[in-house]
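Here are some friendly notes to read alongside the model. Keep the 3D view open and look up each residue as you go.

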Amino acid sequence: MASGCSLVWIGALLLGLGASPARAFQFQHHGYEEMVRALFAVQSQCSYVTRLYSIGRSVEGRHLYVLEFSDNPGIHEPLEPEFKYVGNMHGNEVLGRELLIFLSQFLCEEYRAGNQRVTALIHNTRIHILPSMNPDGYEVAARQGPELNGYLVGRGNSRDVDLNRNFPDLNGLMYYYEKSNGKNHHLPLPDNWEVQVEPETLAVIKWMQNYNFVLSANLHGGAVVANYPFDKSREARVRGKTIYSATPDDKIFQKLAKTYSYAHGWMHKGFNCGDYFEEGITNGASWYSLTKGMQDFNYLYTNCFEITLELSCDKFPPASVLPREWLANREALVSYMEQVHHGIKGMVYDDNNNPIGNAAISVASISHDITSGVDGDYFRLLLPGTYTVTTSAPGYQPSTRTVTVGPAEATQLHFYLKTEPKGTNLNVKVPQGKKSPSPPAKAGRFPEQSSNPSLFHKATESEGRKEDHVTCVTDLCSCEVHFL
Ligand SMILES: [Zn+2]
């Protein structure tokens, strides 16, 4: 994995570090106020390449702040992929929150110092960092502190709901469609889903609806391993036994997980916290099955590929280990972001060179389509190899092309779809027979969010919500004995 090219990159990164001393870092735990101050400070120091916005509020009213890095903050540039990191969705798993604050400070400092690798990353990627998805739970855990923190204290939000068991369950529908040749991507949300999820979950789902994310990771603690989808087992009734539950993109997910584990100081060694994971990675369901998790939801509802990073045995480690943890994760955090630039990407146009949003991009032999965004651009993560790719959209003739993907930058592959002749069957035929055509673009799908955060608050603040309205609908829930 360490090609000559990547070694040069690592060298460049270290060189950049030397140029901007790490003494600006304060390796401490950040309570809510301190975290907000730290994020605002980064935004102020790197105002040309950052934007701080809120995607909504927690139950107790704390903002869910996201720091964006981009050469054009607040703007989606066609063919520039969107990436996200989410930390601290379990309030008592705090290392990810600190690492994402450090990462924000690091990106800003290195950018200012002229680090070529960081500069290229920020200029070619739109990076969104949400250090804490569960700021209320964090405060509960932090009141006990690192020494006394119980295994579950502060895990849930302030209504004690586990946010990583709170997303709409789309796996059941996916597994049904796999058998019935149904839709293989962007599965529909259940009716009234908004009132079945917590405010923090609602905010994150609306965030996903508003940005065409390509790659993501959510950061946890309690083990040291990179966990990839599916988390939910296909064999819902098997108890006491775990079964690997592969996505159609299993090989890509394994490579993404290994990118992190091998760039991490010790994750790849496998023996950590009393567990052993070969190469430091695991399929979620083969470890233990869980329902309504965030990573499966990303894959089934959006174009985004997300993995779950378990980063520390101790969920609330003492501040004294933070420098060591930062050094162990720094390269991995950067390398993982760079993975968003692999595979293929391109534009989908009509006869008049107008972009076509929500076109389906299908890769032969991988039964999981992705779609173009409102600007007509698409991003399809793929391993090196030769692929047959078909793009289709209602009202247009599908177009099929063959492309070879190399190990470096994403290969650009643009599609020009001809309008379906009048009088012909408008049902789009897609080779592969494994899917039905996508529905027309939903109004407002992936619209660019206003840079005025108050517009977004309105949409995500909910009132008068009933407590304890999330019910467990599968028998798997009772089997969940791990809480990571
Ligand atoms: Zn967790």
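1. Start with helix α2, whose buried residues are M35, A38, L39, V42 and Q43. Here, a residue is buried if 20 or more other C-beta atoms lie within 10 Å of its own, exposed if 12 or fewer, and partly exposed in between, with C-beta atoms placed from the backbone. Seen down the axis of α2, these buried residues fall within an arc of 135°, so they line one face of the helix. The arc is that of the directions from the helix axis to the C-beta atoms. In general, an α-helix has 3.6 residues a turn, so residues three or four places apart point the same way.

2. What does the buried side of α2 pack against? Its buried residues pack against β1 (50–57), β2 (63–69) and α3 (95–113), where a contact means C-beta atoms, placed from the backbone, within 7 Å. The face turned away from that buried side carries the exposed residues E33, R37 and S44.

3. The length of α2 also agrees with expectation: at 1.5 Å a residue, its 14 residues (32–45) should span 20 Å, and its end C-alpha atoms are 20 Å apart. The expected span is 1.5 Å times one less than the number of residues.

4. A word on the source: this is a predicted model, in which local features need pLDDT of at least 70, side-chain atom pairs count only at pLDDT 80 or more, and totals for chains, interfaces and linings use all residues. Residues are numbered from 1 along each chain as its sequence is written.

5. Now step back to the whole protein chain, which has twelve helices and 18 strands. These are DSSP runs numbered from the N terminus: helices are H or I with at least four residues, strands E with at least two. Of its 484 residues, 49% count as buried.

6. Next, find E310 in strand β10 (residues 305–312). UniProt, in an unreviewed entry, places the feature "active site" at E310; such annotations may be inferred rather than shown by experiment. E310 is buried, with 27 other C-beta atoms within 10 Å.

7. Is N88 buried or exposed? N88 is buried, with 30 other C-beta atoms within 10 Å. It has a positive phi of about 60° although it is not a glycine, and lies in the loop between β3 (82–87) and α3.

8. D160 likewise has a positive phi of about 60° without being a glycine. D160 counts as partly exposed, with 13 C-beta neighbours inside 10 Å.

Terms used
Contact = placed C-beta atoms within 7 Å.
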